[in-house]
Amino acid sequence: MRLLVSTTIRKVTAKERSGYLYTVDLEHQEVIRRSCTIEPPYRSADANPRGGMRGSKGIAIRSDIVAITNTSSIFLYDRDWNLLHTITHPSCAGIHDIGFQKNSIWVATSRSDTINQFDFDGNLLNYIYFRESSYLRKKLKWYPPIRLTSEQIYQGEIDFRDPRTYEIETYDNAHVNSISCLDKGDLLVSLGLIQKNNFLILLRIKTWLKRKELWDSFYSLNRMIRRVFRRPKNMHSDLIFQPAKGSSAVLRISKDKEMRLLFSMDEKMVPSHSILHLSDKQSIYLDTSNGIVIEFNPVTGEILTSTKVTDGFLRGSVLVSESTLVMGSNSELIIFNLNEHSVQGRIQISDIPHESIFDIEVLPSSYDLPPRDFNEKMSNN
């Protein structure tokens with residue numbers, strides 16, 4: 001069995017490669033190809049050192065089409081990796097996860113608190129703007145201002161692909177980062193990090209410090225204070241003064257757009273990721289900040305099991321057999337037995353500093369290996 005694994009490399013400059021697509025032979029536990037993916041435009045305008053616009057993002061595969069994404073574009077290929085179409089839209093950026101639903105593709109777009117549905121020609125068919133839901137506002141006690149109208153979204157009046165055209169703290173308050181398409185038209189969606197007022201105030205302070213070129217000095221002072229007081233380094237942040245915390249939530253949305261909150265998790269500083277639907281009674285969600293894999297009932301929202309598997313950054317999951325799950329943690333694949341709730345093995349796919357797995361999918365045997373450089377596919381079209 002072969003896996004496709006997308007990665008992001010943090011802290012790289014705009015001139016450096018920011019991620020790859022790996023093909024991994026699971027049986028022999030080795031990388032058989034590393035492919036250079038297509039970098040998005042406007043990377044030089046994004047100051048986020050933790051990832052931001054960098055790297056390869058979501059992957060989706062069906063029998064005849066594979067979709068590979070970066071932060072602002074979806075590239076559709078056939079089984080021989082010929083480029084069929086590129087989907088890009090001003091209202092669709094901060095792409096994290098994608099999923100096929102009949103002859104369309106749903107996209108989780110963190111920059112605008114939306115999910116978007118496109119046909120394969122790139123037409124925006126539908127969207128859900130989570131801030132508009134009175135149900136969610138009440139259930140989550142989340143009251144962000146409604147910034148976008150239907151006309152603005154369909155017309156793409158704000159180009160979320162270009163961070164110079166908007167303030168991210170204004171439009172990304174839920175960090176919509178995972179989507180799973182169910183057989184009968186329902187969706188499971190992750191609001192990875194719901195940010196309320198205190199969180200947003202601190203983000204604005206950080207943005208102001210960066211604009212005034214004061215952030216590096218503040219960061220150095222923080223590091224010195226941490227050493228003087230011998231405070232341990234947090235896995236996800238060097239800051240001694242930790243920011244206010246948010247929450248993560250998993251929703252079920254019917255084909256008629258009726259929403260239901262399945263469950264939420266508080267005290268989150270880092271987004272949770274990677275919903276994976278397995279059956280009518282079992283789905284998977286990753287508590288990224290705590291390295292925990294959560295099994296839950298996708299109908300009732302009941303948490304079935306919660307198992308810690310790593311101290312690293314947990315993101316990306318795929319089912320490779322009836323009882324075996326593969327997840328990503330930093331640059332390592334974790335093989336997990338669902339019946340025994342235990343780690344069965346680990347595969348290191350890279351030794352590049354700050355490289356982190358983003359998404360994982362099974363590559364069907366009917367597909368060729370991906371190209372070594374996806375930019376060559378662009379130049380041939």
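**Close-up 1. The lining of the largest cavity has 5 nonpolar, 5 polar and no charged residues.** This is a predicted model, and a search through the whole of it turns up 1 cavity of 30 Å³ or more. Its volume comes to about 60 Å³. Around the space sit Thr37, Ile38, Gly55, Ser56, Ile68, Thr69, Asn70, Phe75, Tyr77 and Phe374. Two strands, β5 (66-69) and β6 (74-77), each put at least two residues into this lining.

**Close-up 2. Ala67, Ile74, Ile98 and Ile105 have the most contacts inside the largest nonpolar core.** That core has 24 residues.

Close-up 3. Look for Ala67, Ile74 and Ile98 in particular: like Ile105, they are listed among the residues with the most contacts inside the largest nonpolar core.

**Close-up 4. The second largest pocket holds about 670 Å³ of space.** A set of 30 residues lines this pocket, and Ile59, Ile98, Ser180, Leu276 and Glu361 are the ones nearest its centre. Split by class, the lining has 15 nonpolar, 10 polar and 5 charged residues. Strand β16 (273-279) is among the strands that each bring at least two residues, along with β4 (59-61), β8, β12 (176-181), β20 (314-321) and β24 (355-363). The largest share, 6 residues, comes from β16. Ile98 turns up again here, lying among the residues nearest the pocket centre, and it is also one of the residues with the most contacts inside the largest nonpolar core.

**Close-up 5. Asp64 and Arg62 pair up through their side chains in a salt bridge.** The N to O distance is 2.7 Å. Asp64 has a relative accessible area of 35%, so it counts as partly exposed. Arg62 is partly exposed too, with a relative accessible area of 22%. Across the structure there are 10 salt bridges, and the next views pick out some others.

**Close-up 6. Asp311 forms a salt bridge with Lys308.** The closest N and O atoms of this pair are 3.3 Å apart. Buried or exposed, what is Asp311? Its relative accessibility is 58%, so Asp311 counts as exposed.

**Close-up 7. A salt bridge joins the side chains of Glu332 and Arg346, at 3.2 Å from N to O.** The pair links distant parts of the chain, with Glu332 in strand β22 (residues 332-337) and Arg346 in strand β23 (residues 342-348), 14 residues apart. Glu332 counts as buried because its relative accessibility is 18%, under the 20% cut-off. Arg346, at 40% relative accessibility, counts as partly exposed.

**Close-up 8. Arg17, Glu39 and Arg43 are tied together by a network of salt bridges.** Keep this three-residue view alongside the pairs above: Asp64 with Arg62, Asp311 with Lys308, and Glu332 with Arg346.

Definitions and conventions:
Residues numbered from 1 in each chain as written. Predicted model: local features only at pLDDT ≥ 70, side-chain atom pairs only at ≥ 80, totals over all residues. Heavy atoms only, no water. 1 Å grid on protein atoms, 1.4 Å probe; cavity = no way out; pocket = protein on both sides within 12 Å on 5 of 7 lines; lining within 4 Å. Points joined across faces, edges and corners; volume = space filled by probe spheres on them. Helix = DSSP H or I, 4+ residues; strand = E, 2+ residues; numbered from the N terminus. Nonpolar A, V, L, I, M, F, W, Y, C, P; charged D, E, K, R; others polar. Core = buried A, V, L, I, M, F, W, Y, C linked by side-chain atoms within 4.5 Å. Buried < 20%, exposed > 50% of the residue type's maximum accessible area, 1.4 Å probe, protein only. Salt bridge = Lys/Arg side-chain N within 4 Å of Asp/Glu carboxyl O.
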